[in-house]
Amino acid sequence: MAVACLFAAQNASAGETTQHVVNKAPNGLAQTPPMGWNSWNKFACNVDEKTVRAAADAMATSGMKDAGYEYVVIDDCWQGPRDANGFITANPVKFSSGIKAIADYVHSKGLKFGIYSDAGRETCDGFSGSQGHEYQDAMTYARWGVDYLKYDWCETGSRNGEEAYAVMADALRASGRPIVFSMCEWGVSKPWLWARNTGNLWRTTGDIRDSFDKWDPKNQWVHPLLEILDQTEPLWPFAGPGHWNDPDMLEVGNGGMTPAEYRSHFSLWAMMAAPLMAGNDISNMDESTRSILTNKDVIAVDQDRLGVQGHRVAKDGDKEIWVKPLAGGGRAVLLFNRGATPASITVDNDHLGYAPSMRAKVRDLWAHKEVGNWKGSYSATVEPHGIVMLRLNP
Ligand code: GLA
């Protein structure tokens, strides 16, 4: 409180006229990266209440809930018109039960419920945005039982990102309900520099594309996995409990990548302490997809309570070594082969910041077995576009 007053006084003496609170406390949510499902990557605007209920059912019964997935999030296109008093309504055809009933259904499964809006006048698909309605919308979400808001950046004109996101962050706080705030401004105004007490996660790039390394020549807005990876990796110092870099939702299971590439995708996101938001049809997934999304060894790396984002510590052409420090002095290690032919990769103590005397057990997180004691280095042949992921436990 004393600190807040000091800041207010400084602002006043500098002649600032805005009410913007520069030093608000974090909202205390998302102490580990959020996990859940979001409708966008698979369904885009073809989302309706049946899809959302089916996703909640699947999350509860597929092993995903047991593995830590929690939030069922409807992305864009759920909205109907605003009513005469400016309150947002749901599309009466696609969401005829109303959003509260769907939130109740999700909650009845022991899960949490999320929704989407936009800081501009319109969302990216042309529905009503929240600009000018922030407090009214936050109140509506709280009444409906919303636990998570993804807040986009289309049709924002000349709005200032820091200011626009602060308004909704304040509105969510004023609603009285704990609501995880997912900022989706694509890294435009470098939110990692200012948003750690505004949002719980912020997108670092434009949208992900279901491809390992191929751009869509007709749409440069959607980025292949490697591009998103390289843009997000250097931002590792800015992530931590309650405020995460978000390299966008998962494409695992959507069909554009091989199983090896999807294992890399999931492992790299875990190394980056990224939110793990499944983006496939989880009510209709094959065993390969399910087993990737529910790999508890890999999820434990993502969810490690130390909350340090891992990063690349060595690169030799297509061969990379990534390390993520874990609570208790352990390390997650990723040997990553970006190339199209198998590659032999060796990690050693220097990569890990370990003394030569360090003793640790080594576990292979995709073979799900202990592979012996750490002897100062470890080598593996890594398949094309693939990974070997290890955990060292001292
Ligand atoms: C933007 C976001 C996407 C998705 C769509 C919805 O492109 O970055 O994640 O929410 O809008 O229209």
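**Exercise 1. Helices α8 and α9**

Task: In this predicted model, find how the axes of helix α8 (residues 225–232) and helix α9 (residues 259–271) are placed relative to each other.

Solution: Start with the approach and the angle: the two axes come within 12 Å and cross at roughly 10°. Next, classify that angle. Angles under 35 degrees count as roughly parallel, so α8 is roughly parallel to α9. Finish with the hand: α8 and α9 make a left-handed crossing.

**Exercise 2. Helices α3 and α5**

Task: Work out whether the crossing of α3 and α5 is left-handed or right-handed, and describe the geometry of their axes.

Solution: Helix α3 covers residues 49–61 and helix α5 covers residues 99–108. Their axes come within 9 Å, with a crossing angle of roughly 15°. That angle makes α3 roughly parallel to α5. As for the hand, the crossing of α3 and α5 is right-handed.

**Exercise 3. Helices α6 and α7**

Task: Classify the packing of helix α6 (residues 134–144) against helix α7 (residues 161–174).

Solution: The axes of α6 and α7 come within 8 Å and cross at roughly 40°. The cut-off for roughly parallel is under 35 degrees, so α6 and α7 are oblique to each other. Their crossing is right-handed.

**Exercise 4. The ligand and its shell**

Task: Describe which residues surround the ligand, and which classes they belong to.

Solution: Begin with the count: 13 residues surround the ligand. The closest are D75, D76, K150, D152 and D207. Now sort the shell by class: six residues are nonpolar, seven are charged and none is polar.

**Exercise 5. Polar atoms and burial**

Task: Find how far side-chain atoms of D75, K150 and R203 lie from oxygen atoms of the ligand, then judge how much of the ligand's surface the protein buries.

Solution: Take the residues one by one. For D75, a polar side-chain atom lies 2.6 Å from an oxygen atom of the ligand. For K150, a side-chain N or O atom is 2.7 Å from a ligand oxygen. For R203, the corresponding distance is 3.2 Å. Now turn to the surface: taken alone, the ligand exposes 310 Å², and the protein buries 96% of that.

Technical notes. Residues numbered from 1 in each chain as written. Predicted model: local features only at pLDDT ≥ 70, side-chain atom pairs only at ≥ 80, totals over all residues. Heavy atoms only, no water. Near = heavy atom within 4 Å. Polar contact = N/O pair within 3.5 Å; in protein donor to acceptor, adjacent residues only side chain to side chain. Areas by Shrake-Rupley, 256 points an atom, 1.4 Å probe, with all protein chains shown as cover. Nonpolar A, V, L, I, M, F, W, Y, C, P; charged D, E, K, R; others polar. Axes fitted to C-alpha atoms, helices over the stretch in contact; angles between N-to-C directions. Helix = DSSP H or I, 4+ residues; strand = E, 2+ residues; numbered from the N terminus. Parallel < 35°, antiparallel > 145°, perpendicular 65-115°, else oblique. Left-handed = near helix turned anticlockwise from the far one by under 90°.
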